[in-house]
Amino acid sequence: MKVLLSWLREFAPITGTTPEIAIQLTDLGMELESIHQIGTSLGGIVVAQVLEIRPHPDADKICLVDVDLGDGEALQICCGATNMAVGDRVPLATIGTEMPSGMLIAPRKMRGQASNGMLCSGREMEIGDDHEGILILPPDLALGLPITEALDLREDVVFEFDALPNRPDTLSVMGVARDLAARQGVPFSLTEFSPPTAGESAAGESATGLSSVQILAPELCGRFVTRVISGVQLGQSPRWMAQRLIAAGMRPINNVVDVSNYVMLELGQPNHTYDLSKLPSGELRVRWATEGEQILTLDGVTRSLTAADGVIADGSDAAVGIAGVMGGASTEISETTTDVLLELAWWDPEAVAATSTRLNLHSEASLRFKRGVDPELAPLAGRRFAELLSAISPAQLHPDQNDVAGNLPQAARIRVRLNKVNGLLGTALSREQVQGLLDPIGFVTEPVQDSGDGEELLVQVPTWRPDSSIEVDVIEEVARHYGMARIPKTIPTSPHAGELTQRQLDRRCLRRALVGAGLTEAMPVPFLAPGDLERAGLAADGLLLANPLVAEESVLRTSLLPGLLKAVAYNASHRQNSVELYELGRVFRVGERVIADPGESAKLDRVLAGETEHVAVVLAAKEGGAAVELLQVLLASVNRWGLEPAPLAVELVAGELAGLHPGRAATVLLAGQEIGVVGEVHPDVLQAYGIEQRLAWLQLNLDVLLQIPSVVPQATLVSRFPSSDMDLAFVVDEQVTAESVRATILRSTPTAGSSGWVAARVELFDVFRSEQLGAGLKSLAFRLRFQALDRTLTDEEVTVVRLQVIDQIEQHHGGRLRD
């Protein structure tokens, strides 16, 4: 968007230097892209008179022109244009002139002929768009007169900025002036335009009798206003208007089209002109296009429409324009036009945007309509159009107008909380200050009485700001006009984000402990092939998927065992026989529900009953004792269950468990709750998976384990006296677990509170089976370390404890000391 400083000052007494105004515009949200000074680079261009025109002797497309600057001497100029005649007044750029484009005029020769300057077109001086020939000046201008004086060219400033999609009001000079006036604290005024009006026509018809409007698609068109202007004479626009249009980036065409564009740029209301004589009965109707309907638009292209495109049709229902995008060629203004029908409408932004995008037809009008035009602006824009046209043409506005309503959006009324304003902006504005910032830009404010949420304002959003619909939009307006630079830079306080839950911390501790123990994480998919559960010695009760990606992944797992067994088997096939793997994953429980269809007997249906998270460990070429030791490490890793001595008792209950060795498996209990299983994988399962070495197995239910209340471990004293070690091997039944024997040993030894000395360590270091021991028996070898806090233990004291331990093992486990 380009706006001229002089144009802004027609709405408000804008003050300040160009850089100061540029900073204010940027601070208001209109990010400047460039600033152009116009009318300052035409020094050296003067009025000259053509004395003689003759052909160039050596060039067909160049002529030699002698001109007089008022001193009576002929000056030869080489020129490529031929539209001038002897006696014409023309602009001449003299030697040393720097043109607006930056080109420096210097003496030169063209095909051997001297050229002492350059005759200029309007485009070369950037005061017009005509480049077909030299600009012909009025014949009464004095020779040698500077062109700026001859054409009353004044210096001006053009501010070019990017009009943001959420600021439709900045697509007009009036909207920019309103914002800038509010920032500077100067009054903004809008002239009440009063064009000359005509009476009834020769046939006794008023304007409403000359035309009529029907809105057949009210959701498409919210308002349609027409005015009739009679006595129009097509011609060129005055130079001041053409210069403003050029500075604003538009090409002057003729007085009617130029006035239409001028009003759109000034007020932000797109409009369209029809030759009234080309409209049957002067009737217009708004409707949706029919599928495949065609129209020849003003750019000379025939376009095919769809039922989602809006059109304006004439009395015969022929389309004469694409709603909000471009008019049709059939009713175009021409040199024979005398009566003009002016259209000023409000179109649905989404409909215009969709049509413009589909047709790849983007116009200045469609840009404004799809961002939102003020629906109350049409009557004012009509009067402004007639006033401008009547000033440059013997045109008169008929007093009556057609004003037909469709479905218009309602302007928002928003409750704005003062504490919300200051909370978002980091300010301490009072209610009066907020009102003082909003009222000048058309946001009408009214205090809310007896508000239970602090001071509030009821804000009526102006019709030219459809982008403001919620409280934060109004707060943004407060921030813009208060000044972003005035808001102090602070670091807002907020709750600390990203903190891990206790569950996440525990899971990370488990992972660190497992990796620290030398294990590698495996991530098998949670889907199994049919038969995988049976091969792993588990019940075939996995839930079948209704739409598996592949048949080999069609069963939801009920245990982590099958996936890790596959991983071990794969590694073994690649000669990696001692892998130690772990997995953190979910297993799925299967339930049943009763289905009773009318007229049929009830039946059971298997359904997903839930899922739980487990951690599982498989140790290749290791016995079950290695898994028990790792169990102790895992329980200590989450820093919730101490082990030496154990505040919460860990108990292993031997038994036959699915998929595990019948004599080398146990259920793990913690604080009396079952949390998992530990032991060795069943030999038949190993054979089914092609695994030759023994596998230690541990699987814990994290959903249960992590719900057990934590116990803070107690610090223990460290003795400075020597310890006494002994090794004891017990022959026990195969069903007796090593952990239960270890627990019995700990209960049999003295505690620090009773005698000042304790069993500092009890660890299993060997498990032995042989024919000499007998069938169903095994040897468990433990290393015991005793240490007193206040002295060195005597042999007699250690011997007493040794006998107590042997006696307890015999009583509780039926074991005997191995010879």
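Leaving aside neighbours within four places in sequence, which residues is alanine 381 in contact with? They are Val263, Leu267, Gln269 and Leu344, where contact means heavy atoms within 4.5 Å. This is a predicted model, in which local features need pLDDT of at least 70, side-chain atom pairs count only at pLDDT 80 or more, and totals for chains, interfaces and linings use all residues. Residues are numbered from 1 along each chain as its sequence is written, and side-chain values use heavy atoms, with hydrogens and water left out.

**Alanine 381**

- Alanine 381 sits in helix α10. Helices (H or I, at least four residues) and strands (E, at least two) are DSSP runs, numbered from the N terminus.
- Alanine 381 is buried, at 0% relative accessible area. Buried means under 20%, exposed over 50%, and partly exposed in between (1.4 Å probe, protein chains only).
- Arginine 89 is 292 residues from alanine 381 in sequence and 38 Å away in space, C-alpha to C-alpha.

**Nonpolar cores**

- In soluble globular proteins, nonpolar side chains tend to be buried together.
- A nonpolar core is a set of buried Ala, Val, Leu, Ile, Met, Phe, Trp, Tyr and Cys residues joined through side-chain atoms within 4.5 Å.
- The largest core has 56 residues. Val3, Leu8, Phe159, Ile229, Leu267, Phe385 and Leu389 touch the most other members.
- A second, separate core has 34 residues, including Leu220, Tyr274, Leu279 and Ile312.
- Beyond its neighbours within four places in sequence, isoleucine 229 contacts several residues, among them Val340, Phe385, Leu389 and Leu397.

**Salt bridges**

- The whole structure has 46 salt bridges. In each, a side-chain nitrogen of Lys or Arg is within 4 Å of a carboxyl oxygen of Asp or Glu.
- Arginine 384 pairs with glutamate 266, and their closest N and O atoms are 2.7 Å apart. Arginine 384 is in helix α10 (residues 378-392) and glutamate 266 in helix α7 (residues 255-267), so this pair ties together parts 118 residues apart in sequence. Both residues are buried.
- Arginine 431 and glutamate 432 also form a salt bridge, at 3.7 Å from N to O. Arginine 431 is partly exposed, at 22% relative accessible area.
- Arginine 586 and glutamate 611 form another, with the closest N and O atoms 3.7 Å apart. Arginine 586 is in strand β29 (residues 580-595) and glutamate 611 in strand β30 (residues 603-620), so the pair ties together parts 25 residues apart in sequence.
- Arginine 586 is partly exposed at 36% relative accessibility, and glutamate 611 is partly exposed at 39%.
- Shared partners link the salt bridges of Arg167, Asp169, Asp179, Arg465, Asp467, Glu477 and Arg480 into one network.

**Two crossing helices**

- The axes of helix α2 (residues 18-27) and helix α4 (residues 173-184) come within 10 Å and cross at roughly 105 degrees. That makes α2 roughly perpendicular to α4, a term for angles of 65 to 115 degrees.
- Axes are lines fitted to C-alpha atoms, for helices over the stretch in contact, and angles run from 0 to 180 degrees between N-to-C directions.
- Ile21, Gln24, Leu25 and Asp27 in α2 meet Val176, Leu180, Arg183 and Gln184 in α4.

**Positive phi in loops**

- Most residues other than glycine have a negative phi.
- Serine 281 has a positive phi of about 60 degrees. Its place is the loop between β13 (272-275) and β14 (283-288), and serine 281 is exposed at 66% relative accessibility.
- Aspartate 317 has a positive phi near 70 degrees. This residue lies in the loop between β17 (310-314) and β18 (319-322), and aspartate 317 is partly exposed at 32% relative accessibility.

Note on methods. Angles under 35 degrees count as roughly parallel, over 145 as roughly antiparallel, 65 to 115 as roughly perpendicular and the rest as oblique.
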